[in-house]
Amino acid sequence: MVEQVAQMVVHGEAWTIKDLFVLPNEYVYWSIQIVLYPYMTGLVAGAFVLSSLYHVFNVEKLKEIARYALVFSFALLPVAMMPLMLHLMQPFRGINVLMTPHFTSAISAFGIVFMTYAFIVAAEIWFVYRKFIVESIYRLTEKQDCTRLERLLLPIYKVISLGAMDISDKALNSDHKAIKFLAALGIPVACFLHGYAGFIFGSVKANALWMTPLMPVIFICSAVVSGIALCIVSYYLFMEIRKWAAKRGKNWLLPDALAQGGTAIPVEQLRSIQEHEVKITSKYLLIFMTAALTLEILDMIFRGYTAVKSWDALRMVIYEHDFMKIFVYQYGIGNFLPFLMLLLPGLTTRRAVIASSLVLFGVFMMRWNVVIGGQAFSLTFAGFMEYSMPIIPHDIETFKEGLGGMLSVIVTPFIIFYFLNMIFPAFMTDNESH
Amino acid sequence: MKRRDFLKNTAVFVAGASVSVAALDFIDPKELLAANPELKWGFLVDTYKCVGCGFCVKACKTESDIPFEANVTRTWVERYVIKRDGDVVMDCPKGARDGYTTKLLDENRSGMVEVPDEEIAQAFFVPKLCNHCTTPACVQVCPVGATYQTADGVVLVDWTWCIGCGYCIMGCPYGVRFFHPVERVADKCTFCYHRISKGGNTACAQACPFGARQIGNLKDPNDPVAQAIMTQRVGILRDEYGTKPNVYYIGLNKEVR
Amino acid sequence: MKNHVWRPLFVVIVIVIGILVFRAFYVPSDFGVQERGYTFGYHRLSNEQEWKDYPAKHKGNDYCNECHDDKIEELESAQHGIIPCENCHGAAFDHPNDPEKLTIDRSRGLCLRCHAELIMPSSGRNDIPGIDPVEHNKGEECSECHNPHNPSLEDM
């Protein structure tokens, strides 16, 4: 007899709770990582759109946050891929998506769109920082007593300069043009990257909750919302850290050489930059929030009004099982509350930041309610499933698809940003950068 | 002039080549047909005959190396109990791998439910398996070409190429796909391709003592399955998804999901 | 130093060429669009043969008949003659080589698959003689009283 000695794990069984009539093979196959995937790509797309507002539409007021948003968007990029890799049962075969793309599948575009987008963001950063890179090469070459970090940075700068050492006005002028072009090109690509993430869900005809042509549009709007919100929150936090350091005469998150006169930027100056940028940005947040909310509510009303076969099961999920998650967390705390906070007169920086944090939470709950909510009912419409997120992992699978995997994905962009910021200082304020 | 010559030569060459290829085609159509016979696999389930013994599920699990203890299965049998007041109670404990041996219905978290005998208006079993749809939604959504349909209509998964994204599992309106507990790739019923392509029967149909399951060639008018579909009132599952399933059911009720 | 603007593009082109070269080695040569077209038939062709070569475990009554023809003949008219041998005796695999002896399932649970009484109007189950597993000789194996091949007690 053939003996079953191989290790056996039924994917999904560990975190799925079934109720009533559910088919034997049905589990919550797409869990927290797939919640995070559109969330992270949304953040990437949103952060990029924010930076493009300055570069393409010349919104001067967004100048400082635009450069930060661009670098942060680049730091988020690899993290948009991370949830997918963590989710794949065969992560080492992930390359197959690039090797034999089957374009009738929405997922197949990922490799190509993602790479196109990565190239655009990388090229834009290259043009934005080219002058700085060249200057740094000259500065570090001449410097005698290099620190260990500087000795490491010099070859990095030499490689990424791609040998283009010309920083004459004419050359810088063509840089400007290139930036404008790339930023403009990046907006549709960013929207496509995220819109197609919406298409992945919207095109699943087997899923009654997902299947709607509005899905890509809803995803793009909420992507821009969450991206802007994250930029506001993280920009505020980093500036707080810098203010805290400035009070102690230190200059953090900026290479020493760039700090004015070798000492820290005055606290007051940091505060005014912070206030200005955060408040202006929250105006844009408000505009995109209105669009996102309108579409989501339209979708909900439409489903209730048309009430096709699946509506009985959907209504159970929306109004009973997930009522708290949808109406309290997502719409209440995540949408209407920050909406009011941003609309009320006398907006302060702190209020804008709290509102943005709530928006981030709201968009996260929206992703959760779409991805997990879409699997909360059986294909039979006569049974329900619940995802109980594994908190304490007992094997690699429950780590990846549980709290551990979620935290790793959320923390990684900040770690990447920390190192990326050493090469491309995101808080550079000299007048000549773009 | 040179360019014109080149075009002319090319045209002559292409025309000549296509004539010779066409000539080959016309040599013997019978031989061609014999090498590539009209074949499209289909399946017929007679729900009246099914007694819910689950021998098909047991046989399938052994035949396709799905561990008996794993709570996933390539085929399963559902129980429908329709009460006199119109309520429908359904269950499918462990895919019915042990058959139905109790009157209690397993409602998962809601516990075991008993329907009193006198309240039962009708009750029956419905075996389920992959429908090997003519336009399979699962194949359409595979991002890497790891699942596909053969010329004779069977939908298969390439275990060496599947990345395990789960999109096909989400895309299937029938819930027949799952992650193989050992291979860790998407898996599903193959219509026992290794058996039927050698003239054999599927493991589930062979294990059924009552003939509730039959596989056949839908293109062959003399095939019993094709004849049954032609002459009897049969139904298919969830045609609203436009997947054109190739598993036909005798005695399908509107309550069947 | 003119046209430094194009340098990122050159890097991209080099990367893309690198990926295409890697692809040429990585993707099996028989991977491509087959008879069902790009939407439904894009795959590695040799996988079809791999599935055809998947080992069969159940061999069917004909296989049993090759050696146990006496038994098969005797049981053809038996009450349980419609049940394939392997349902109770286990899948043949490569018997008699591997396994040398099949493990017969004589459990009560096996019989109950059909003979636990259920009220199933409009289903074939209603026509099968059934018992209440809780009441009927609880805890005993069915084969202690019934002949698995000819279970009716009157015929014994």
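Student: In which sense do strand E2 (residues 76–83) of chain B and E3(B) pair, and over how many bridges?

Tutor: Strands of a sheet pair through backbone hydrogen bonds, either parallel or antiparallel. Two strands count as paired if DSSP finds at least two bridges between them; strands (E, at least two residues) and helices (H or I, at least four) are DSSP runs, numbered from the N terminus. Here E2 and E3 of chain B pair in the antiparallel sense, over four bridges. B:Arg79, for instance, has B:Asp91 in E3(B) as its bridge partner. Please note that this is a predicted model, in which local features need pLDDT of at least 70 and side-chain atom pairs count only at pLDDT 80 or more, while totals for chains, interfaces and linings use all residues. Residues are numbered from 1 along each chain as its sequence is written, and chains are lettered from A and ligands numbered from 1 in the order in which they are written.

Student: Which strands are the edge strands of this sheet?

Tutor: The open sheet has three strands in the order E3-E2-E6 (chain B), with antiparallel pairing. Its edge strands are E3 (88–91) and E6 (120–128) of chain B, each of which pairs on one side only.

Student: How many residues does the contact take from chain B and from chain C?

Tutor: Residues are in contact if their C-beta atoms, placed from the backbone, lie within 7 Å. The contact takes 44 residues from chain B and 38 residues from chain C. On the side of chain B that touches chain C, E6(B) gives the largest share, five residues.

Student: Which residues touch the most other members of the largest nonpolar core?

Tutor: A nonpolar core is a set of buried Ala, Val, Leu, Ile, Met, Phe, Trp, Tyr and Cys residues joined through C-beta atoms within 7 Å. Buried means that 20 or more other C-beta atoms lie within 10 Å of a residue's own; exposed means 12 or fewer, and partly exposed is in between, with C-beta atoms placed from the backbone. Of the 224 residues in the largest core, A:Met40, A:Ala47, A:Phe72, A:Leu76, A:Val225, A:Cys231 and A:Ile232 touch the most other members. Helix H7 (residues 214–247) of chain A gives the most to this core, with 19 residues.

Student: Is A:Met289 buried or exposed?

Tutor: A:Met289 is buried, because 25 other C-beta atoms lie within 10 Å. This residue lies in helix H8 (residues 267–306) of chain A. Leaving aside neighbours within four places in sequence, A:Met289 is in contact with A:Val225, A:Phe339 and A:Val359. The C-alpha atoms of A:Met289 and A:Val359 are separated by 8.8 Å, although the two are 70 residues apart along the chain.

Terms used. Two residues are in contact if their C-beta atoms, placed from the backbone, lie within 7 Å.
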